[in-house]
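Here is a brief report on one chain.

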Amino acid sequence: MNMRWLRWAVVLLTCVGGLYLIGCSSGGSAPQGMSADQLATQGQAALESVTTNPLMRSSEARTALRASTRDFASSLHYNPHNAQAKMGYAVAHTLLGFYDLTEVLPDQLSSQVLALLTQGTTANKLDSPLAVPAALAAASLSEGTRASSVQSAQLRMASQTIPALRDALPLYADVKTAVGEGAVVQLRLYQDGRVRTIKFKKNDVALVDAFSNLTLALLYAAISFNLDMPQETPLKSLPIDANANNMFEANEYLIPPPFGNQLYHSGMQDCLQYLRYAADRAQDGALHSDHTTGTYALVDTSDAEVRKSLDRLARIAVAVTVACTTSVSTDALFDDGQVRTVDLPKMAYWTSIRGMLPSFQTDDLTAPGVWPDPTFGGIITPGIPQGVFSISYTWLEEAYQ
């Protein structure tokens with residue numbers, strides 16, 4: 001299954017807001033007798049206790065990340081120029097946003113989506129912009145939200161996570177400026193079976209900024225449609241081929257509406273807005289300059305594979321930036337060289353996602369599903385290749401058990 005284009009598209013698509021922190025005056029004494037630097041160090045330790053531990057439980061990780069954001073916020077209150085604290089504050093909230101996303105996705109689907117967000121290209125030559133360890137993401141699946149509590153998770157995203165993350169995003173501009181002026185910003189991560197220290201230059205920060213905007217875009221998409229599961233599964237216990245076409249279509253295997261129908265009217269419009277911001281930031285991040293190289297690199301541009309991947313990211317970013325507001329013709333999304341018209345604003349007019357889901361052969365449920373409308377309502381014309389992203393009925397069954 002060829003997923004490279006989707007990985008990079010996802011790369012183009014942190015939580016309590018901190019805009020007021022930028023304007024706070026420096027000076028004063030920190031609470032509990034701790035200096036601003038000590039608070040930042042304590043916040044960094046809490047953040048890295050999560051990013052370096054692939055076995056940490058979801059509840060423990062959330063607790064550590066919230067403690068981290070409080071320490072970073074206190075540090076910034078007394079020293080609003082601390083770039084390390086700003087970066088840590090934003091990254092910690094981005095990770096909290098990740099955990100929110102897992103709560104509204106069934107287990108197997110969470111694994112697939114998080115794999116796209118956390119895994120790099122072939123041979124791990126290029127990690128995702130945030131370089132979140134896949135093991136950490138997988139650990140969050142052990143406590144996923146089930147049944148009717150999904151809607152509660154969606155509403156919490158709308159009321160808490162999303163506004164806070166949206167307000168925190170401008171901090172990245174300050175971090176980028178500070179790093180350009182010589183500030184040292186780093187983060188320890190568990191990757192490829194070991195703990196690494198990542199040091200950021202300006203366009204490394206731009207990649208993380210792109211990723212955080214993507215996270216916010218995905219959160220908006222996650223609350224756009226009603227994913228509540230009152231019967232604890234969105235699959236009927238016995239689907240029936242009602243129209244006798246030898247296919248199980250979405251309405252024949254999903255529970256009835258309102259599952260999959262729109263919950264938050266403007267969610268997709270907000271999704272597109274932040275997807276465009278992510279694409280804008282990704283264009284800077286895709287430049288070959290201003291990246292750390294060697295041992296401490298987030299993306300090591302001394303590697304030819306990395307440079308090639310960044311070039312592809314740049315092409316996709318340019319196309320997505322335009323496609324979020326108007327139609328654009330491009331051959332950047334797939335590897336088949338065909339020019340397609342991409343018109344993402346049509347997503348804002350979707351009233352249901354049920355008709356976008358695949359149909360399955362009744363006599364072979366392990367076969368890949370067929371997209372009934374490969375253009376997805378006209379957003380990609382003449383449509384995606386059927387084999388570029390495959391789902392089987394049995395895979396869905398495992399996802400919702």
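## Overall fold

Helices and strands here are DSSP runs, a helix having at least four residues and a strand at least two, numbered from the N terminus. The model is predicted. The chain holds 14 helices and seven strands.

Burial comes next. The chain has 401 residues, and 54% of them count as buried. It exposes about 16,500 Å². Carbon and sulfur atoms supply 52% of that area.

## A nonpolar patch

Tyr264 sits in the loop between α11 (250–253) and α12 (267–285).

Together with Leu155 and Leu263, Tyr264 makes a nonpolar patch of about 250 Å².

## Aromatic pairs

How many aromatic pairs does the count give? With ring centres required to lie within 6.5 Å, the count comes to eight. One of them joins Phe360 and Tyr393. Their ring centres are 5.7 Å apart and their planes meet at 70°, so this pair is edge-to-face. The cut-off for that label is over 60 degrees.

The Phe360–Tyr393 pair links distant parts of the chain. Phe360 lies in strand β6 (residues 360–361), while Tyr393 lies in helix α14 (residues 393–399). The two residues are 33 apart. Phe360 is buried, with a relative accessible area of 0%. Tyr393 is buried too, at 3%. Both rings belong to a cluster: ring pairs link Phe360 and Tyr393 with Phe248 and Tyr253.

## A charge over a ring

Another aromatic ring meets a charge. Lys199 lies over the face of Tyr296. The distance to the ring centre is 4.3 Å.

## Salt bridges

Side chains of opposite charge can pair when their charged atoms come close. The structure holds 11 salt bridges. One of them joins Asp100 and Arg156, with the closest N and O atoms 2.8 Å apart. Asp100 lies in helix α5 (residues 83–103) and Arg156 in helix α8 (residues 149–168), so the pair ties together parts that are 56 residues apart in sequence.

Arg156, at 26%, counts as partly exposed. The pair is also part of a network: salt bridges link Asp100 and Arg156 with Arg62 and Glu103.

## Two further bridges

Asp336 and Arg340 meet through their side chains in a salt bridge, at 2.9 Å from N to O. Asp336 is partly exposed, with 42% relative accessibility. Arg340 is buried, at 4%.

Lys346 forms a salt bridge with Asp343. What separates the closest N and O atoms of Lys346 and Asp343? The distance is 3.9 Å, and the cut-off is within 4 Å. Lys346 is partly exposed, with a relative accessible area of 37%. Asp343 has 16% relative accessibility, so Asp343 counts as buried. The cut-off for buried is under 20%.

Terms used
Residues are numbered from 1 along each chain as its sequence is written. This is a predicted model: local features need pLDDT of at least 70, side-chain atom pairs count only at pLDDT 80 or more; totals for chains, interfaces and linings use all residues. Side-chain values use heavy atoms; hydrogens and water are left out. Patches are made of residues with over 30% relative accessible area and no salt bridge: like charges are joined within 9 Å, nonpolar side chains (Val, Leu, Ile, Met, Phe, Trp, Tyr) within 5 Å. Accessible areas come from the Shrake-Rupley method with a 1.4 Å probe; for residues, only the protein chains shown count as cover. Rings of Phe, Tyr and Trp (its six-membered ring) pair if their centres lie within 6.5 Å; planes under 30 degrees apart count as stacked, over 60 as edge-to-face and the rest as tilted. Buried means under 20% relative accessible area, exposed over 50%, partly exposed in between (1.4 Å probe, protein chains only). A charge sits over a ring if NZ of Lys or CZ of Arg is within 6 Å of the ring centre and within 35 degrees of the ring normal.
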